[in-house]
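Thanks for coming, everyone. Please bring up the sequence and the model on your screens. We will go through the sheets and then the helices.

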Amino acid sequence: KERRFILDITDDPTLKYDGLGSTDAGLLNPENGYANWTNFLKQDEVFKKNVIPTIQFNTMHMPDVEEQIRVLNAEFDYLAIRLPAIDSEQSSSKDILPQVINYVTKLVDKNKLFIILDFGSKKDTVNIKTIVENIPLENVKALIPVSSSFPSSVTQYGKKEGVIIIHENEISDCVREVLGTKVFHGDYSSIYPKRYEMGGGGWYPRIDFIERDIKTNKPISYRFFRGDERNTSSHYVPLANYVLNSSAYSPIQELTVDGDMRIKQKAAGGSEGKAPSYWIATRSNIYMTAQYLYLKKQSGSFLYL
């Protein structure tokens, strides 16, 4: 409807198709100041009013990057840029981040740039203060750290059941502690932040749920029950019952949540939910609801435009 949203283009090569490529009509073609991208963003007035475009930043095409920023700055109320807090070799980007941010903010009007600081699949707050301590926010609208504690595989946490500690809130809190009130919460909504290929042997049935702190309702862990036979959708019924009977599981009471209803219905023998994707969506739905209910009580967690 009328809600603003940030739009980016994936840099994951396994998710790209020709329309997103860097040649010809692809949106990532840098020619003429990323004209394909900027024209796409401007083609519809309703879309243009709501979208917050993400700056495509490629150091191999800096004149085009500059031209892109000038066009977007003139046409849109807000812009965003997504920057890796940790590079592909798992080392800190702390020396590069201030340079990039200073460069971009010189080309963007004051207080209209969102910085999405991507920590990827970081599992703790180690080195975060060092990474962010020199980031300049004077001319920035807001900084949003994003991360995910959910792993690409749960087997390291247990074969039949396990617990995965949630670090997303403490990562945002740690960044806010260093950089102040312009930092707002963000995360990957319980999804592992990179695409990975399924193994050739298929999948094991598994149902995940969110454990919340008794006093604060803060999401504190992902928990799961997992079957021991591949590609067996009938196992979801007993797994759902394991969840319902777990002392760590407490359905969200503040409102009716689709994810909780799915678990309840499956435990009763419901026919829906025969594939992993259904249960990934269930976990994400419960997680996002739990996070929202927790964060709305925390000052400085949400930014309204």
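Two strands pair if DSSP finds at least two bridges between them. Helices (H or I, at least four residues) and strands (E, at least two) are DSSP runs, numbered from the N terminus. This is a predicted model, where local features need pLDDT of at least 70, side-chain atom pairs count only at pLDDT 80 or more, and totals for chains, interfaces and linings use all residues. Residues are numbered from 1 along each chain as its sequence is written, and side-chain values use heavy atoms, with hydrogens and water left out.

Start with the antiparallel sheet. This open sheet has three strands, in the order β6-β8-β7. β6 (161-165) and β7 (206-212) stand at the edges with a single partner strand each, so one side of each has no neighbour in the sheet. From one strand to the next, the twist averages 25 degrees. Axes here are lines fitted to C-alpha atoms, for helices over the stretch in contact, and angles run from 0 to 180 degrees between N-to-C directions.

How many bridges join β7 to β8? Seven, and the two strands run antiparallel. Strand β8 covers residues 219-226. Find Glu211: its bridge partner in β8 is Ser221.

Now β6. This strand pairs with β8 over five bridges, again antiparallel. Ile164 stands opposite Tyr222 in β8. Which side chains of β6 are buried (under 20% relative accessible area; exposed is over 50%, partly exposed in between; 1.4 Å probe, protein chains only)? Gly162 and Ile164 are, and they point to one face.

α7 (residues 236-244) lies across β7 and β8, at about 15 degrees to β7.

Next, the parallel sheet. It is open too, with three strands in the order β3-β4-β5. The edge strands are β3 (79-84) and β5 (142-146), each pairing on one side only. β4 (residues 113-118) and β5 pair over five bridges.

Last, two helices. The axes of α8 (residues 258-267) and α9 (residues 276-295) come within 7 Å and cross at roughly 135 degrees. That makes α8 oblique to α9: under 35 degrees counts as roughly parallel, over 145 as roughly antiparallel, 65 to 115 as roughly perpendicular, and the rest as oblique. In contact (heavy atoms within 4.5 Å), the α8 residues include Asp258 and Arg262, and those of α9 include Tyr278 and Trp279.
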